[in-house]
Amino acid sequence: MTIRRILIANRGEIAVRIIRTARALGIETVLAVSEADRGSLGARMADRALCIGPARPSDSYLRVETIVQAALGSGCDAIHPGYGFLSERAALAQMCEDEGLIFIGPTAAQIEAVGDKLRARAEAIAADVPVVPGGPVESTADAQALAGEIGAPLLVKAVGGGGGRGMKRVERLEDLPAILAMASAEAGAAFGDARVYLERYVARGRHVEVQLLGDGQGHVIHLGERDCSVQRRYQKLIEETPAPHLPADMRAAMHAAALRFAARLSYRGAGTVEFLYDIAHNQFYFLEMNARIQVEHPVTEMVTGIDLVAEQIAIANGKGLRRAQEDVRIDGAAIEVRINAEDPARDFMPAPGTVSAVRWPAGQGIRVDSHIVDGASIPPFYDSMIAKIIAHGPDRAAALARLRRALGETRIEGVSTNLAFQADNLADPDFAEGGVDTGFLAGRATLASAD
Amino acid sequence: MNLTAKDVEEIMKLLEGSAFDRLSLEIDGMKLELERGGAGAPRPPRAPVTKAEPAVPTAPPSPPAGDRVSTQAGLVEVRSPLLGIYYRAPKPGEPPFVEVGGKVDVETVIGIVEVMKLMNSVPAGVKGEVVEIIGRNGELVEHGEVLLLVRPES
């Protein structure tokens, strides 16, 4: 079966991005839109736009049955979920499998295998992929033995916690018994579950992830890595490839570990294995696998010349991997900044509204992925990201210079954005040097408030 | 295919020069509906253009079924409250819930919209007489798509 018409179950820039590749391949597109997105650029570019429900995502973009019905009713043979929304819901992949629709992504079973943190960690260990040193502890003696192996500083984490909650840092191992008792009591009170586990505290880490393509038959290739260490509250803001100043043996080991992880699952489609690179120990640990196309995929496309969405579609069509690992070439460097409609002066509050006028940059090595045109509305119901500006150059310095020039000529009127904030980040000497850790933006904020 | 703004302008001129008040054009899955302004009111320069489905202006969100939206002729549009397959009758072979000329009340079921085997009945939401049935039996309707027109009882 060959895909002839795709239902795109997403919105914003990624909908536009997918439409472009589909059109280039001669594939028709049907875009599912909420009431708030009827007038969007994607709705105008798609061969057909179908209103699936009210603006609120839970009433539209997150409705599995409605999406599948829209695809079946409009004669689509495949669904592309984009990122976010239903992209990593096994239920959508499963319903596609049941209804004879092609899900452009991994199997439902693969989504389930990597979606659960503990299960993914077990899969990583089974694939001989390093995980953050640590583990569950049942007694103080247990904990002391394990802590001796991990070393200080370490974290005591509540099994029932998450998102930064239920976490205590141990600086000196002799403090462990007291902190452990307190953490366990607090976890019991806060989460109804007194179980805790220990984990190495990575003081200075970098977020490095490996882009993969798998054919679903056990063959997997990687398309290099991306460094996404410039983050604010776990939200990525700047991404680049290659990861600057990463030791060559570490880079190669990460690529190999990511391949082992995905090959063991016979992973199908595009996916990313995320690692935390521990600068002090010169080691890396598995964080998670993202079973979808990622926001920051364009930097990989720029340096490899490979259209990842086209590869997703080829794999979904049963064409497998169209190139061998040795045919993947990394040419130069690429950096991406995310432009968000948010107000840095008001603690990055989302700033929805109407863009009265916009001027995107252009020129050699510049790419802009966006759905924002003059008069575009930014509804308050969705993610605040409105564009990605990507620069490619023969080396990192050239890419950075092009990106800074590109941001300088960008104008977005009518809504607040983080454009100036991002330009400042690019101008930071540490960023220019390359290889900053995930504390980079927090450090800059501390400096700014001290001034 | 795509209509350019210039194409639409030319079609509008043709309509203006004709004796008709309303024009509905369907080419290759794209549908264009034009209507003359009532009482000589100037029309906005751009006619609502949507693809494949009856004209739904892109700017205002379409209200769910039952909301009373008066058309120019004083008719109320009964819209689909959700995306799905529209059925005019309870079962294949059975008579439709409503026919043109039939009377409906607010609670009268005018059709079924199926979403993955889940049947949702659609109430008229208005009291009056069915003037036109727009939604086609067994076909996909969008959220907010007009299923039929009702002349309300005053």
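Mentor: Look at Ile6(A): in strand E4(A), its bridge partner is Ala78(A). That bridge belongs to the pairing of E1(A) with E4(A) (residues 78-80), which is parallel and runs over 3 bridges. Strands (E, at least two residues) and helices (H or I, at least four) are DSSP runs numbered from the N terminus, and two strands pair if DSSP finds at least two bridges between them. Ile6(A) also has a bridge partner in E2(A), namely Thr29(A). Here E1(A) (residues 5-8) and E2(A) (residues 28-34) pair in the parallel sense too, over 4 bridges. To get from E1(A) to E2(A), the chain passes through helix H1(A) (residues 12-24), and this β-α-β crossover is right-handed; in other words, with the strands pointing away from you, the path from the first strand over the helix to the second runs clockwise.

Keep in mind that this is a predicted model, where local features need pLDDT of at least 70, side-chain atom pairs count only at pLDDT 80 or more, and totals for chains, interfaces and linings use all residues. Residues count from 1 along each chain as its sequence is written, chains are lettered from A and ligands numbered from 1 in the order written, and side-chain values use heavy atoms, leaving out hydrogens and water.

Now for the neighbour: 25 residues of chain A are in contact (heavy atoms within 4.5 Å) with 17 residues of chain B. There's 1 salt bridge between the two chains. The side chains of Glu99(A) and Lys117(B) form a salt bridge, 3.8 Å from N to O; the term calls for a side-chain nitrogen of Lys or Arg within 4 Å of a carboxyl oxygen of Asp or Glu.
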